[in-house]
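Open the model in your viewer and keep the selection panel at hand. This tour goes stop by stop.

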Amino acid sequence: MTIRRHDINDDEIRIISPSGIKPKPKSRQRILIYGAIAVILTLGVIITYLALSDKEVSDTTLQIEEIPTVQVEVYREATDTAIIVNEPGYVSVTDTVVNGVGLRILTPEQATPALVIGPEALADTTAVLIVQAADVRGDNGQIAGACVVSGNLVSRGEAKAGFCAIINGEMTIGTADATPMLEQAIESEGYFFRQYPLVVGGQIVENKPKGISLRKALAEIDGRIRVVLSSERLTFHDFSQALVDAGVRNAIYLVGSTAAGTYTDTEGNRYKFGVNNDSPYDQINYLVWK
């Protein structure tokens, strides 16, 4: 048999070895590209997932933080409202007996005083305390002594040494024949009137009237101005002594006897004292707290 590499006879069989067939090699560059694309897609999926997870956590965190913020605003509004809204005034009432003399002490709370002229002042239901202030002369119906109302000098004279001044809502009582508080009351559109002095610096002041009557006073006790009513008829001296025994530092007289007034207690109950007779005088005047 003639050995030929490319020829074969009819009675010959050629055995083709598999090792003789060489597969076509794949491109290495193409494999690298596919691998890179796969890595990029995988990273994209992971990044997208993490981003969505972070957004959900962030949104949840914001919603949680908004809750205390709303609560703080609501609390602040409630606090501001409590400051702005004024609570109603009232009168604290103390009944005491000193050396056998009964006294009722009225202390206005959360109320500002003013001096009002005219009988209609007694009907003011918004006031927590009303009491007659300066005397009115019987001969001409005018207020006795110097008197200032809302900065206007409505009466002149120094019939009595005791005085009450209300300047910028602050009440001061004292005794002086002349005081700069009269001018201050005019300049500040305040109030001023004169009455008998009863107690000065814890000492009794003697007065000319010697009769007995129900007494009323504007008195300083423990640094606060209060209204004191006697439960029985007393002389000026006995009333002044009872005030000193009750711890009064300074006091001036208020119209006594059956002069009418009203006050409202801590429960909102309204009480009257004295007799509400219609006054014939237009200049009748009252201290009014409201």
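Which residues of helix 3 (residues 236-245) are buried? Select the helix and pick out F236, F239, S240, A242 and L243: these are the buried ones. Bear in mind that this is a predicted model.

Now look down the axis of helix 3. The buried residues fall within an arc of 160°, so they line one face of the helix. An α-helix has 3.6 residues a turn, so residues three or four places apart point the same way. Then step just past the end of helix 3 and select G247, which takes a positive phi of about 95°.

**Next stop: S230**

Select strand 13 (residues 224-234) and find S230 in it. Is S230 buried or exposed? S230 has a relative accessibility of 9%, and the cut-off for buried is under 20%, so S230 counts as buried.

Show the side chain of S230 and look for its polar partners. A polar atom of that side chain lies 2.8 Å from the backbone nitrogen of R215. The backbone oxygen of E232 lies 2.9 Å from a polar atom of the S230 side chain.

Now widen the selection to the contacts of S230, leaving aside neighbours within four places in sequence. They are G102, L103, S213, L214, R215 and F239.

**Next stop: Y263**

Move to strand 15 (residues 261-264) and select Y263. Y263 is buried, with a relative accessible area of 5%.

Which side chain makes a polar contact with the side chain of Y263? Select R104: the two side chains make a polar contact at 2.9 Å. R104 is also among the contacts of Y263 beyond four places in sequence.

The distance is 9.3 Å, and the two residues are 26 residues apart in sequence.

**Last stop: the largest pocket**

Where is the centre of the largest pocket? Select Q132, V255, A259, S279 and I284, the lining residues that lie nearest its centre. In total, 17 residues line this pocket, and its volume is about 310 Å³.

Colour the lining by residue class. You will find 10 nonpolar residues, six polar and one charged.

How values were computed:
Residues are numbered from 1 along each chain as its sequence is written. This is a predicted model: local features need pLDDT of at least 70, side-chain atom pairs count only at pLDDT 80 or more; totals for chains, interfaces and linings use all residues. Side-chain values use heavy atoms; hydrogens and water are left out. On a 1 Å grid over the protein atoms alone, a cavity is a set of points where a 1.4 Å probe fits but cannot get out, and a pocket is an open set with protein on both sides within 12 Å along at least five of seven lines; lining residues have an atom within 4 Å of a point. Grid points are joined across faces, edges and corners, and a volume is the space filled by probe spheres set on the points. Ala, Val, Leu, Ile, Met, Phe, Trp, Tyr, Cys and Pro count as nonpolar, Asp, Glu, Lys and Arg as charged, and the others, Gly among them, as polar. Buried means under 20% relative accessible area, exposed over 50%, partly exposed in between (1.4 Å probe, protein chains only). Helices (H or I, at least four residues) and strands (E, at least two) are DSSP runs, numbered from the N terminus. The arc is that of the directions from the helix axis to the C-beta atoms. A polar contact is a pair of N or O atoms within 3.5 Å; within protein, one must be able to donate a hydrogen and the other to accept it, and residues adjacent in sequence count only if both atoms are side-chain atoms. Contact means heavy atoms within 4.5 Å.
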